[in-house]
Amino acid sequence: MAPMKGLTVFIADLRKCRSHEDEEKRVNKELANIRTKFKEPSLNGYNRKKYVCKLVYMALLGYEVSFGHREAVDLVNSTKYSEKQIGYLAISLLMEEDADYGRMVVAAMRRDIHDTNEFNVSLALNAVSNICTREIAEVLTQDIVAQLLSPVASMFIKKKAALCLLRLLRRFPEAVNAQQWAARVIPYLGHRDIGVTLSVASLVTALAQQFPEDTRKAASFAVRRLKSLVIDNEYAAEYIYYKVPAPWLQIKLLRLLQYFPAPESPELRSLLLSILRHIIDVSQDTPRELQQMNAQYSILFEAINLGIQLDIDQGLMQECAVLLGRFITSREINVRYLGLETMAHLAAYIDSLDTIKTYQGVIIQSLRDRDVSVRRRALDLLYSMCDVSSAKTIVSELLRHMVVADFTLREEMALKVAILTEKYATEYSWYVDVMMRLVSLAGDHMGDEVWHRIVQVILGNEELQLYACKIALQTLKAPVCHESALKVSAYVLGEFGHLIANAPDCAPVDQLKALQSKMASGSQSARAVALTTVGKFINLFPEIKTLCLRVLDRYRGALDAELQQRACEYYALATLESEDLMPTVFEEMPPFPERRSALMSRLLKREADTEDQRTWVFGGREINRERKLQKAGKTVEDSEEPPVAAVPQLLEVPEQTRFVADGGQTPEELARVAKSKRHYARLLWENDGILYDGDEIQVGLVAQYKPPAGRVGVFLGNKSTAPIYDISIHVACEESSEKQLVVQQATGQGPLPDSLMPLGQARVFFDVKCIDVFATAPTLRIAYTMAGAPTVSELQMPVTIAHFIDPVTITVADFFSRWKQLGDAAIGEAQNVLKTPFLSTDSGAIQWLRNVVGGAGFALIQGADAEPDNIVGVGIATTENAGRFGCLIRVEPKPAHGLTRVTIRATNPTVAKVVAANINMVFESK
Amino acid sequence: MIRFILVQNRQGKTRLEKWYSQYSNQERHKLKAEVHRTVASRDQKHQSNFVEFHNHRIVYRRYAGLFFCFCIDTNDNELAYLEGIHLFVEVLDSYHGNVCELDLVFNFYLVYAVLDEMILAGEIQETSRSVILGRLDQLSSLE
């Protein structure tokens, strides 16, 4: 393209400007000029291109450019390549996603993609990858797939098409129908052109994570392609980068293989091993030239990562450990950095840590490296390689280092120390000592999770409490006491101060004095905790009640509302005439239910933000093994026994809702099944309604829930013209749910009548109680005799764990942090894309969706989602013995496709599954 | 995947910006300033070419007065992108004939075209210098 003189002059002018004001003036002048020029009807293509280019330049400098879009679209429609190019550039830089001319752009792209001129096709594909709107995904995906698979398209087009698809797939996975074409893309991994293979490998990597079944063949393609590169030396000369053949492709393929399990065929397995071995052997000597060294090492590190992930040869792993040991002492900083990172990966999987442990000294030394990036990796590695035998050394090194560590690193360090100490503590005193030191040293740099967790652990371990009390009192008596240390100490003494009350210098009055001495300097939140402790002291040690009251009295006039409220309430409580209330309010806290530590979730949250999933996490050995098992377990379940999983069973429930006496699937029968399914579905989000409506009887339900309990009334109506006799109504729980759900006939109601006349009605109430999470709904069994013929009907009763969900209102910010947390923790998630054709035909459909979600027990969080039609809600399921389970729901209706995506995240997998299945059924029977 | 590419001079002026993830104008503005602060303050001799940046990583290399920064995911191969930067610079160098900062300023629209032939959708598309340069020559001969 010939340079545009006017543009060059303009840029030079702007560069000459001395001040920002001058520049702004020049820009405004030019904007005015361009506006007038654009109005001239005789504007030719060259000038249009020049002016649009100037606008782009101004926009890049940060000025607001609010016009010129039409001219940019004109340029896109031009027949000249250079004009088209600038047009697409301007659109990709200036266009807002919801621009009204978006449709014109998509039309132009479509035309260009089908153009016979391959340069135009290339430009359009570049633009697709740069702009990437939903409309593009919906309209152009098929055309782009066709270009990738076309036998005539050039290499350049194939490369671009593959990466466009990748972009669309990542951004709008539901709009590109990837499963349809995923398998057809895979053979391109064997394409002779290295550029095409590289681009396709990126695409297949993403597909492999979404559709492991459909992409299974990719592994053998990748192995063979690697073999030709690494062992057979088959590659075009122009792809050699500083003597290394196609390093980027090698890396991509090695990475792709990490998403598959180790190949089962012995041939592929040994081939893969010999490739890895070859790569390692080649790297034994260090090349002089920087570029060659980097390229070689980048392949080597990826090969080691693959070796670790495959986990098929422990000998190879040990060898890698030695190699990495060499790297972490390298003079090259980049190599040191990557050596430490890769060793952390290795430490998370290798069977024996002995080899790695020999480098412990070096690694600890790296905590003092000049580069903070290296220090961070050293911290990760120390954390990954820590086990019972090395915990004490590592933790004490980390604590020692905490004092001098960068501020940015301290929070993470504190989290890691806390997790390691809890995990590997063999003596109680060690745990308490370390944690108290930790909060004193790093209290300013860590969230509340750490001190909360300490309290939880102490509360949950009786053996720890006495020692913890001693240390708490010591901490309070020390000259300086950190804020978080004050909180922990105050809490511990408030709960267990009586355990040491008889020891010398630990009398109640000593405890109170120590607490008081640190209270004055504490922050508002620390003082609040301390005040509660004073309240607890009144209950624990009646002998110092007057002293305690004096402290409370002083805070009754505190300026801070929280402090004042606490002081006033505790004071009033302690001076009540009746003395019964005090011990109840300040009763010893029960131990916290066992659950995953919030520390770990926080740690994992940091690294979840990647486009391709991580194949491992910096969470330590257990969590990585768990992940691996989960991954393996999932495929086993999927392939071998899908029918016994909990969800499908629930989905089939309505089909079981039938008269036992009835047999075949007549049309009437089918209609009845569909009808009863509708009834059942309705009762999943409404409390009252009809459960069954037959020729002879009608069954209605009235339910009221106060989780974990509830009461369900069953109404039986006689629709026939004859009386019915011998009525019995029972509820039976599935064997698997027997212990989780208790259903009993409510006491204090009269017996069922002996007979029921036509149009008569009988009712019976059941008390239900949810003991633990259950997967299967109970069965309602109604038996009666009509005209001498006994009939039994069994109906699925709409009582599921989802019925024990209460709405909870939280803030938008809280919602997203929990949503993310739950997603990261991957405890329970269920996602379905459901067909909802009524969205486009029924104007009240969105409101109906809201009603369903609200009716199912969720509090709708308004304005949480950028998309106004999306619905998010929060609920909490309560069980009597297993505790409470948070449950978040997100419903994303897409009227244009008649589809709705429903995602449930809960702290319990069964809860998520059941809620998802319920919603599924409700939508299906709308 | 590459989240964004920034080329900045020592004063923090951005000479090339390419965003492969969704960022609002405001976020872009903030990120540019932050990247400059993070990268320019690092010791070129005793520190690595990688630095943690929010939940991602920046891989960067300095050529004369320009910092070439790729922001990538934490599970990406750092060295591969570090050499990707070098390849990009080599291509620019051959294309412009001994490239300097002013080439990036005056021919900004061409730099985007070069980038689109090498990196697309945040992934590396083509790694052969001669293939890229051949294609670019072909494109510049078009009217």
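Student: What pLDDT does chain B average?
Tutor: Chain B averages a pLDDT of 94, and 100% of the residues score at least 70; pLDDT is the predictor's confidence in each residue, from 0 to 100. This is a predicted model, where local features need pLDDT of at least 70, side-chain atom pairs count only at pLDDT 80 or more, and totals for chains, interfaces and linings use all residues. Residues are numbered from 1 along each chain as its sequence is written, with chains lettered from A and ligands numbered from 1 in the order in which they are written.

Student: And what are the ipTM and pTM?
Tutor: The model has ipTM 0.98 and pTM 0.71.

Student: What strand order does the sheet in chain B have?
Tutor: The order is 2-1-5-4-3, an open sheet of 5 strands with antiparallel pairing. Strands are DSSP runs of E, at least two residues, and helices are runs of H or I, at least four, both numbered from the N terminus. Two strands pair if DSSP finds at least two bridges between them.

Student: Which strands are at the edges?
Tutor: Strand 2 (14-19) and strand 3 (50-53) of chain B, each pairing on one side only.

Student: Over how many bridges do strands 3 and 4 of chain B pair?
Tutor: Over 4 bridges, in the antiparallel sense; strand 4 spans residues 56-63. In strand 4 of chain B, B:Val59 is the bridge partner of B:Phe50.

Student: Switching to chain A, how many of its residues count as buried?
Tutor: Of its 926 residues, 43% count as buried, meaning 20 or more other C-beta atoms, placed from the backbone, lie within 10 Å of the residue's own.

Terms used: Buried ≥ 20, exposed ≤ 12 C-beta atoms within 10 Å, placed from the backbone.
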